[in-house]
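Biologist: I have the sequence and the model open and would like to go through them with you. Could you take me through it step by step?

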Amino acid sequence: MSSTSDLNPSKLGTKQHWDDVYATELTNFKEIGDEGEVWYHVSDAYFIRFGEDSVEKMADWAQDYIAKDPAPLILEVGAGNGILLFTLQEAGYNGSHILGIDYSEDAVKLARAVGAHRGDGCENVRFETCDFLKDFPAPLVDIEKVGWDLVLDKGTFDAIALGEKDVEGRSPADGYPSRIGQVVKPGGYFLITSCNFTEDELKAKFTTTGTGLRYHSRVPWPTFSFGGQSGNVYATVAFQKPS
Ligand SMILES: C[S@@+](CC[C@H](N)C(=O)[O-])C[C@H]1O[C@@H](n2cnc3c(N)ncnc32)[C@H](O)[C@@H]1O
């Protein structure tokens, strides 16, 4: 099993990289109304536009398992331009109970601008600057003190796993699963899409005693075959914290 500590650090694991990306996307949005990329990581070397598939798969999973009433509290870690959260709002989830956080200030500005531009309730989805490895997001409403009903990650754990290791060789991603476990409320869910880690690797990382999470379900992706081996390029896996 590959460990987060085994991945080679790359500039894609740096805040500077994402600040540069979102500064450009924010300018593009202001100038030509382009909402920006639906980022997905495909190798240690680059991220490409991944298409809307992962957004649809995650939104479909949410609608299968997360009731819309009473309004669930939904958090996306590393929300980028916010498209996944707007898709959930458009699917009927209450936008005022949805928060996206990102450590890049321009990502937050972009997501807020996209929400205001889309309107129809998307402007109610909140976005805040927050480095999830250092801080926990501020409560959205009082009841959030017990945690979030649904926490989402689309490509953020992948990016964090490419961060610089410390002097003892630990990746910044090593502490991420237990932080996720702390923000999911009892009975709540964590849904992640990754292409750096297989389904089995995600299960091993997010179902430790430190997270308090248990495997719940998976979203199937098409398999590929190469050199006599078959596998998936992406993995979307859901975990639940027992009530
Ligand atoms: C591959 S992008 C994915 C963005 C978005 N989820 C999407 O799918 O379009 C990774 C995102 O994680 C954010 N990010 C990376 N490390 C973070 C951290 N420690 N705290 C908060 N956000 C972080 C980056 O700024 C970037 O927006």
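Biologist: Let's start at the ligand: how far is an oxygen atom of the ligand from an N or O atom in the side chain of Lys154?

Modeller: That distance is 2.4 Å, between a ligand oxygen atom and an N or O atom in the Lys154 side chain. Please keep in mind that this is a predicted model, in which local features need pLDDT of at least 70 and side-chain atom pairs count only at pLDDT 80 or more, while totals for chains, interfaces and linings use all residues. Residues are numbered from 1 along each chain as its sequence is written, and side-chain values use heavy atoms, with hydrogens and water left out.

Biologist: And what lies 2.7 Å from a nitrogen atom of the ligand?

Modeller: That is a backbone N or O atom of Gly78, and a polar backbone atom of Phe132 is 3.0 Å from a ligand nitrogen atom. As for cover, the ligand taken alone exposes 600 Å², and the protein buries 98% of that (accessible areas come from the Shrake-Rupley method with a 1.4 Å probe, and for residues only the protein chains shown count as cover).

Biologist: Which residues around the ligand come nearest?

Modeller: There are 18 residues around the ligand, and Tyr22, Gly78, Asp102, Asp131 and Lys154 come nearest, where a residue is near a molecule if one of its heavy atoms lies within 4 Å of it. By class, the shell has 10 nonpolar, 4 polar and 4 charged residues (Ala, Val, Leu, Ile, Met, Phe, Trp, Tyr, Cys and Pro count as nonpolar, Asp, Glu, Lys and Arg as charged, and the others, Gly among them, as polar). Helices α1 (15–32) and α5 (156–160) each supply at least two residues of that shell.

Biologist: Changing topic, how many helices and strands are in the protein chain?

Modeller: The chain comes to 7 helices and 11 strands, taken as DSSP runs numbered from the N terminus (H or I of at least four residues for helices, E of at least two for strands).

Biologist: Where is Asp149, and what is it in contact with?

Modeller: Asp149 sits in strand β6 (residues 148–154). Leaving aside neighbours within four places in sequence, Asp149 is in contact (heavy atoms within 4.5 Å) with Pro72, Leu73, Lys185, Gly188 and Tyr189. The Asp149 side chain makes a polar contact with the side chain of Lys185 at 3.1 Å, and one of its polar atoms lies 2.7 Å from the backbone nitrogen of Leu73. A polar contact is a pair of N or O atoms within 3.5 Å; within protein, one must be able to donate a hydrogen and the other to accept it, and residues adjacent in sequence count only if both atoms are side-chain atoms.

Biologist: Which residues does a cis peptide bond join?

Modeller: Asp69 and Pro70 are joined that way, with omega at about 0°, and Pro70 belongs to the loop between α2 (53–65) and β3 (74–77). Another backbone detail is Asp120, which has a positive phi of about 50° although it is not a glycine, and which lies in the loop between α4 (105–118) and β5 (126–129).

Biologist: Is Asp120 buried or exposed?

Modeller: Asp120 is exposed, because its relative accessible area is 74%, and the cut-offs are under 20% for buried, over 50% for exposed and partly exposed in between (1.4 Å probe, protein chains only). Cys130 counts as buried, at 9% relative accessibility.
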